[in-house]
Amino acid sequence: MIALEQVTKVYSRGRPEEHTALAAVDLTVGAGERLVLMGPSGSGKTTLLTVLGTLLRPTSGRLRLEGRDLTRLPEKALASIRRRTFGFLFQEPHLVRGLRVIENVLLPALPVHEPGDGLRERALSLLGKFGLEKKTLARAETLSPGEAQRAGLARALLLDPQVLIADEPTAHLDTARARELIAFLGSLASEGKTLVIASHDPLVGGAGFVNRVLAMRDGRILEGSSSR
């Protein structure tokens with residue numbers, strides 16, 4: 001479904017602070033796969049996710065989606081593909097303070113979709129699925145870390161993406177809340193969603209829904225990474 005071919009990403013190229021975050025990475029993610037990237041901070045996990053999700057262009061190499069080369073597409077076309085293909089759950093939920101929870105969940109629909117698209121009903125359904133039906137009208141800043149992350153997950157799924165990309169989703173959660181979020185991710189896996197998750201949390205790497213774990217270090221995928 002998604003393929004990275006010899007992808008390299010260099011920050012501050014040609015400057016004294018030049019840094020190679022990804023070094024000639026090859027990776028294929030199949031439809032319905034549940035992949036976890038594990039490694040220490042600075043190993044390249046986040047950069048790989050942002051390239052894979054078309055949020056960041058590689059310095060060299062190719063990104064393909066269902067065989068189509070996306071590498072040199074103009075940003076407008078890329079944004080359209082991104083909107084209908086990927087949902088993103090970040091380490092920080094990045095909810096907008098002052099907005100209600102339902103308003104935050106609906107943000108990915110703006111300005112493309114009209115209010116009549118049935119998206120409000122979908123947003124309410126997702127909030128109910130994640131146990132936030134009583135928080136719909138609460139201000140974002142009043143949520144606990146676990147609630148905020150679940151609201152972020154609802155927002156990521158609003159447009160029913162094929163692929164969920166999650167970057168350290170349990171980083172700020174205690175063990176109980178982390179297990180809760182992992183259970184929600186597992187429910188998505190059972191629905192056939194493709195999941196690509198970066199984490200250093202062994203609870204995530206050991207989750208029952210995961211079918212492949214890849215280790216990263218110094219911008220490379222290490223040999224000997226495991227499949228299940």
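Is Phe90 buried, exposed or partly exposed, and what is its relative accessible area? Phe90 is partly exposed, at 31% relative accessible area. Here, buried means under 20%, exposed over 50% and partly exposed in between, using a 1.4 Å probe and protein chains only.

A word on the ground rules: this is a predicted model, where local features need pLDDT of at least 70, side-chain atom pairs count only at pLDDT 80 or more, and totals for chains, interfaces and linings use all residues. Residues are numbered from 1 along each chain as its sequence is written, and side-chain values use heavy atoms, with hydrogens and water left out.

**Rings**

Phe90 belongs to one aromatic cluster with Phe86 and Phe88. Rings of Phe, Tyr and Trp (its six-membered ring) pair if their centres lie within 6.5 Å; planes under 30 degrees apart are stacked, over 60 edge-to-face and the rest tilted. That rule gives 3 aromatic pairs. Two of the pairs, Phe86 with Phe88 and Phe88 with Phe90, look like this:

| Pair | Centre distance | Plane angle | Type |
|---|---|---|---|
| Phe86 and Phe88 | 6.2 Å | 35° | tilted |
| Phe88 and Phe90 | 6.0 Å | 5° | stacked |

Phe86 and Phe88 are both buried, with Phe88 at a relative accessible area of 15%.

Elsewhere, a charge meets a ring: the charged end of Lys9 sits over Tyr11, 5.6 Å from the ring centre. For that label, NZ of Lys or CZ of Arg must be within 6 Å of the ring centre and within 35 degrees of the ring normal.

**Spaces**

Phe86 and Phe88 turn up again in the largest pocket: of its 16 lining residues, Arg83, Phe86, Gly87, Phe88 and Pro108 lie nearest the centre. This pocket holds about 390 Å³ of space. Its lining splits into 11 nonpolar, 2 polar and 3 charged residues. Helices (H or I, at least four residues) and strands (E, at least two) are DSSP runs, numbered from the N terminus.

Volume is the space filled by probe spheres set on the points, which are joined across faces, edges and corners. Ala, Val, Leu, Ile, Met, Phe, Trp, Tyr, Cys and Pro count as nonpolar, Asp, Glu, Lys and Arg as charged, and the others, Gly among them, as polar.

**A helix and some loops**

Helix α1 (residues 45–52) has 7 of its 8 residues buried, so it is largely enclosed by the rest of the structure. Val51 is one of the buried ones. Just after α1, Thr54 takes a positive phi of about 65°.

Glu66 isn't a glycine, yet its phi is positive too, about 50°. Glu66 sits in the loop between β4 (60–65) and β5 (68–69), and is exposed at 59%.

How values were computed:
On a 1 Å grid over the protein atoms alone, a cavity is a set of points where a 1.4 Å probe fits but cannot get out, and a pocket is an open set with protein on both sides within 12 Å along at least five of seven lines; lining residues have an atom within 4 Å of a point.
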